[in-house]
Amino acid sequence: MNTAHILSAFDRDLEAAQALVMRMGGLVETALLDAAEALDTRDEDLAAGVRTGDAAIDALEEQINAQCAQLLALRGPTAGDLRTVLTVMKIAAALERAGDYAKNMAKRTAVLSQMAQVAGASGSIRRLAKAVVQMLTDALDAYIRRDVKLAEDVRKRDRDVDQMYNSIFRELLTHMMEDPRNIGPCMHLHFIAKNIERVGDHATSVAEQVIYLVTGAMPEDERPKVDSTGTGV
């Protein structure tokens, strides 16, 4: 009876931590989409909301880590349960970094709103953001459903995101070569695009954690990457 009670308490505490992860994921997805929209529409108020909203994302990660630390200390999980707790913490860390990238995008949006627009660039970046957010949404769905197939699909899509980023980089480079006045805004836009591409990397990390959680092992093959820019930023 006592053992059953302990197991029930562990499951309840773990479910609470997982619910916080999903809430955190929702905030990050919204932040990324809002940051991309603020860039495209030059909405400084929306960008400011993204910047201030990052505090809530950070607070959730701290709460998740505290709950997981308590689970490890008080419940002593083993085997699969231990993997689940560690996975929750790693997913929360990936989401926190994604939130930071959304905040960085919003910061540059405030600067770009004072500069000349670069034709078509913000629209391309917004499409990239939507693709990355879909990756993140699917990675979190794969976690909840313990769906390895969906997680592997997310992992493969990182290659598509890289190709979209490469295309944006070439587009921005063309604008800079055509008119030196575009160099300033294009540099900011490039960093924004790179931030979004990095979020794709974190979504892929979430997917890999799902694979680890279900199978007990990380993917053996190298993560597919296609960065032809050579920027390394």
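Guide: We can begin with one leucine. Leu82 lies in helix H3, where helices (H or I, at least four residues) and strands (E, at least two) are DSSP runs, numbered from the N terminus. This is a predicted model, in which local features need pLDDT of at least 70 and side-chain atom pairs count only at pLDDT 80 or more, while totals for chains, interfaces and linings use all residues. Residues are numbered from 1 along each chain as its sequence is written, and side-chain values use heavy atoms, with hydrogens and water left out.

Visitor: Is Leu82 buried, partly exposed or exposed?

Guide: Buried means under 20% relative accessible area, exposed over 50%, and partly exposed in between (1.4 Å probe, protein chains only). The relative accessible area of Leu82 is 31%, so Leu82 is partly exposed.

Visitor: Which residues form a nonpolar patch on the surface with about 190 Å² of accessible area together?

Guide: Patches are made of residues with over 30% relative accessible area and no salt bridge, with like charges joined within 9 Å and nonpolar side chains (Val, Leu, Ile, Met, Phe, Trp, Tyr) within 5 Å. Accessible areas come from the Shrake-Rupley method with a 1.4 Å probe, and for residues only the protein chains shown count as cover. The nonpolar patch is formed by Leu72, Leu82 and Leu86.

Visitor: How many salt bridges are there?

Guide: A salt bridge is a side-chain nitrogen of Lys or Arg within 4 Å of a carboxyl oxygen of Asp or Glu. By this rule, the count of salt bridges is 10.

Visitor: Which residues are linked with Arg126 in a network of salt bridges?

Guide: Arg126 and Glu37 meet through their side chains in a salt bridge, at 4.0 Å from N to O. Arg126 lies in helix H4 (residues 121-145) and Glu37 in helix H1 (residues 2-41), so this pair ties together parts that are 89 residues apart in sequence. Arg126 also forms a salt bridge with Asp40, with the closest N and O atoms 3.1 Å apart. The residues linked with Arg126 in the network are Glu37 and Asp40.

Visitor: Are Glu208 and Arg155 buried or exposed?

Guide: The side chains of Glu208 and Arg155 meet in a salt bridge at 2.9 Å, N to O. The pair links distant parts of the chain, 53 residues apart, with Glu208 in helix H6 (residues 183-215) and Arg155 in helix H5 (residues 148-178). Relative accessibility is 8% for Glu208 and 6% for Arg155. Glu208 counts as buried, and Arg155 also counts as buried.
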